[in-house]
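Biologist: I've got the sequence and the model open side by side. Can you walk me through what's in there?

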Amino acid sequence: MALTTATAIDQVAVRTRRPNALARLFDNKLFLIFVCLTPAVGLLAVFLSYPLGLGIWLAFTDTTIGRRGVWIGLENFEYLLSDPLWWNAVFYSVLYTGVATIGKFALGFWLALLLNQHLPFKSMLRAIVLLPWIVPTVLSAIAFWWIYDPQFSIISYLLVDVLGWRETNIDFLGNPWSARFSLIAANIWRGIPFVAISLLAGLQTISPSLYEAAMLDGATPWQRFRHITLPMMMPILAIVMTFSIIFTFSDFQLVYAITRGGPVNSTHLLATLAFQRGIASGELAEGAAIAVSMIPFLVFATLFSYFGLGRRKWQQGSDNE
Amino acid sequence: MASVDIRSVTKRFGSVQVLHGVDVDIDDGEFVVLVGPSGCGKSTLLRMIAGLENITSGEIRIGPRVVNNVAPKERDIAMVFQNYALYPHMTVYDNMAFSLMLAGAPKDRIQQEVNRAAGILGLGQFLGRYPRQLSGGQRQRVAMGRAIVRNPQVFLFDEPLSNLDAKLRVQMRAEIKDLHQRLKVTTVYVTHDQIEAMTMADKIVAMSDGNVEQIGSPLDLYDHPTNLFVASFIGSPAMNLLKGEISGDQFRTEGGAMLPLPKSMGSGPAVYGIRPEYIHLSPDKGIEARVHLVEPMGSETQVSVRVGETPLVCTFRERVNAKPGEAIRIMPDRALAHVFDAEKGNRISIN
Ligand SMILES: Nc1ncnc2c1ncn2[C@@H]1O[C@H](COP(=O)(O)OP(=O)(O)O)[C@@H](O)[C@H]1O
Ligand SMILES: [Mg+2]
């Protein structure tokens with residue numbers, strides 16, 4: 001017993017006295033950081049920066065499909081500024097993002113508040129709310145395509161045949177303005193679950209005793225919402241809104257699947273226009289320039305949410321009692 | 001200010017009955033402590049007074065008015081929550097001003113009231129801070145400030161000190177008591193800590209399992225506990241409670257020790273109760289006891305002994321130099337011993 005203890009101590013002593021070089025290397029913080037980061041940085045460089053860099057580079061050339069381009073500076077962007085279709089797409093992208101975001105947040109917040117109450121079948125309702133988000137976009141796009149069909153639209157059917165409020169079917173996608181708003185409605189429908197579930201998670205972090213304290217302080221339900229819920233939700237609203245704006249502004253699938261930018265290019269978003277020009281028409285450089293022109297809008301939206309709505313002064317300091 | 005009358009109040013959550021008919025009278029200006037082990041229904045009762053839980057049956061009056069169906073904000077009460085429930089996004093000032101602001105009070109009156117409360121609690125220099133920038137004790141004070149600002153008829157406290165460290169707890173205990181003496185507002189205070197109850201209360205309501213076990217002044221409960229629950233719950237170190245048999249003016253414990261009774265009581269099974277400080281050293285005619293553990297406290301010495309197989313805890317004013325395993329002679333003060341019914345646990349009246 002005494003012998004084994006002595007040996008063990010000896011071994012410990014040896015190990016602490018002469019750690020081998022490899023072990024020492026792995027104890028080095030800088031080395032570890034380097035080793036751990038290399039794969040991630042490598043992957044990012046190859047799969048993220050390269051396509052992004054290539055896209056940006058393309059935007060400054062006159063590449064088309066089948067022809068290697070040469071550097072032409074800002075010529076593509078100058079052309080875009082004089083292109084009414086690009087201005088159209090900018091206008092519709094902003095409108096689409098603005099109206100859809102307001103719609104998604106109004107309805108999503110309302111839904112989150114409802115789901116936060118004690119309802120029967122609560123977990124089932126929450127699962128149902130998630131459905132529009134789980135369904136593949138293309139599938140829901142096809143569904144909307146049918147809903148908006150000039151002849152077989154269920155909405156027209158309800159309005160004309162069931163309720164008798166209208167004489168004729170509505171041609172949802174046939175003229176520019178109704179097509180624009182039909183797409184916005186579809187985007188809102190698709191975006192609500194993300195907003196509702198994210199905000200519900202935020203609502204559940206608000207301690208019920210705050211509401212009880214406010215109730216004793218004499219707050220009506222509206223005042224509790226206005227003075228407790230809303231300010232407490234601001235940080236998470238900011239984050240969810242940033243994501244939602246980015247996703248909506250760069251939306252492609254829904255529009256491309258339902259209208260392909262039509263009628264007469266009235267529903268092109270910057271993303272669909274970029275695709276149309278770059279891939280469908282083969283003007284790679286111009287498509288790239290349109291895509292690059294989205295970047296300032298996205299950066300602005302992100303900065304706005306980050307600085308305007310982000311971390312508040314009251315969140316600073318410690319949580320411990 | 002107002003009295004609070006609680007009449008045969010019961011509470012059910014679904015099929016679970018949490019309160020089984022509670023009656024408490026709280027006088028105007030009184031400081032009443034609801035005390036009992038965790039889960040016995042104290043908070044539920046307090047929340048029913050506040051109007052945060054509805055009343056399954058029975059009646060609660062605040063002043064002359066039955067409040068069973070009165071909304072919380074109409075009850076004119078203020079509550080301090082265990083986690084303080086400060087609004088994290090509001091400054092200390094706004095936290096305290098919130099109720100007045102909602103009531104639409106003019107700005108200068110709000111300012112005056114908040115400053116008065118801040119003055120009482122020494123919060124003047126913190127008015128611009130957010131709750132997260134305060135220490136536990138300061139948050140606790142803001143929570144009280146929020147209550148004071150409203151000049152309520154009744155203060156309700158739900159374990160307000162349980163999140164504080166021991167030293168601060170003692171300090172805040174004194175502050176709350178002092179506050180009550182200055183403002184003289186009827187106060188209902190919930191705690192599971194019998195020392196808080198003893199030191200703060202005008203009147204203690206001892207509860208267990210949704211029943212009121214005893215109501216009385218702290219010393220009343222200490223000296224005359226009505227049953228085994230109160231006897232064991234109130235007092236630290238706890239009263240020695242020993243099962244055994246009465247035989248004449250002696251009590252024979254299950255462990256075989258013979259302890260003196262106040263008077264001759266016939267015979268039969270019972271529980272013998274004696275507080276540690278009522279057992280004295282008695283070198284001449286005491287009972288022999290083997291020392292098990294000695295815990296000197298300075299002002300007194302706590303000694304655990306065995307009489308035969310019966311364990312007893314004693315606290316002596318004298319310093320005891322005995323070592324574990326040695327024998328000392330002790331004698332319970334027979335006049336201060338209690339006897340409890342072996343089955344129901346009620347105290348058997350001796351005088
Ligand atoms: N909202 C509720 N729903 C169901 N049971 C509850 C609810 N609130 C409290 N209880 C139960 O009521 C009992 C008393 O709770 P409470 O009044 O909080 O005890 P205490 O404050 O004395 O520790 C506990 O058993 C608790 O589980
Ligand atoms: Mg409690």
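Biologist: In what order do the 5 strands of the open sheet in chain B run?

Modeller: This is a predicted model, where local features need pLDDT of at least 70, side-chain atom pairs count only at pLDDT 80 or more, and totals for chains, interfaces and linings use all residues. Residues are numbered from 1 along each chain as its sequence is written, chains are lettered from A and ligands numbered from 1 in the order in which they are written, and side-chain values use heavy atoms, with hydrogens and water left out. Strands (E, at least two residues) and helices (H or I, at least four) are DSSP runs numbered from the N terminus, and two strands pair if DSSP finds at least two bridges between them. Pairing in this sheet is antiparallel, and the order is S13-S12-S11-S14-S20.

Biologist: Which are the edge strands?

Modeller: Look for strands that pair on one side only. In chain B those are strand S13 (258-260) and strand S20 (338-341).

Biologist: How many bridges join S11 to S12 in chain B?

Modeller: Strand S11 covers residues 240-247, strand S12 covers 250-253, and the two run antiparallel. Across them, B:Glu245 stands opposite B:Arg252. The number of bridges is 4.

Biologist: Over to the rings: what kind of aromatic pair do A:Phe144 and A:Trp189 form?

Modeller: Rings of Phe, Tyr and Trp (its six-membered ring) pair if their centres lie within 6.5 Å; planes under 30 degrees apart count as stacked, over 60 as edge-to-face and the rest as tilted. Here the centres are 5.3 Å apart and the planes stand at 70°, so the pair is edge-to-face.

Biologist: How many residues apart in sequence are the parts that this pair ties together?

Modeller: A:Phe144 belongs to helix H7 (residues 137-147) of chain A. A:Trp189 sits in helix H9 (residues 176-203) of that chain, so the pair ties together parts that are 45 residues apart.

Biologist: Is A:Trp189 buried, exposed or partly exposed?

Modeller: Buried means under 20% relative accessible area, exposed over 50%, partly exposed in between (1.4 Å probe, protein chains only). A:Phe144, at 9%, counts as buried. A:Trp189 has 36% relative accessibility, so the label is partly exposed.

Biologist: Which ring has the charged end of B:Arg275 over it?

Modeller: A charge sits over a ring if NZ of Lys or CZ of Arg is within 6 Å of the ring centre and within 35 degrees of the ring normal. B:Arg146 does this at 4.7 Å from the ring centre of B:Tyr87. For B:Arg275 the distance is 3.8 Å, and the ring belongs to B:Tyr222.

Biologist: How far is an oxygen atom of ligand 1 from an N or O atom in the side chain of B:Ser43?

Modeller: The residues around ligand 1 (near means a heavy atom within 4 Å) include B:Phe13, B:Val18, B:Lys42 and B:Ser43. A polar contact is a pair of N or O atoms within 3.5 Å; within protein, one must be able to donate a hydrogen and the other to accept it, and residues adjacent in sequence count only if both atoms are side-chain atoms. From the backbone, B:Gly39 comes to 2.6 Å of a ligand oxygen, and a polar atom of B:Cys40 to 3.2 Å. For the side chain of B:Ser43, the distance is 2.5 Å.

Biologist: What share of chain B counts as buried?

Modeller: Chain B comes to 8 helices and 20 strands. Of its 351 residues, the buried share is 52%.
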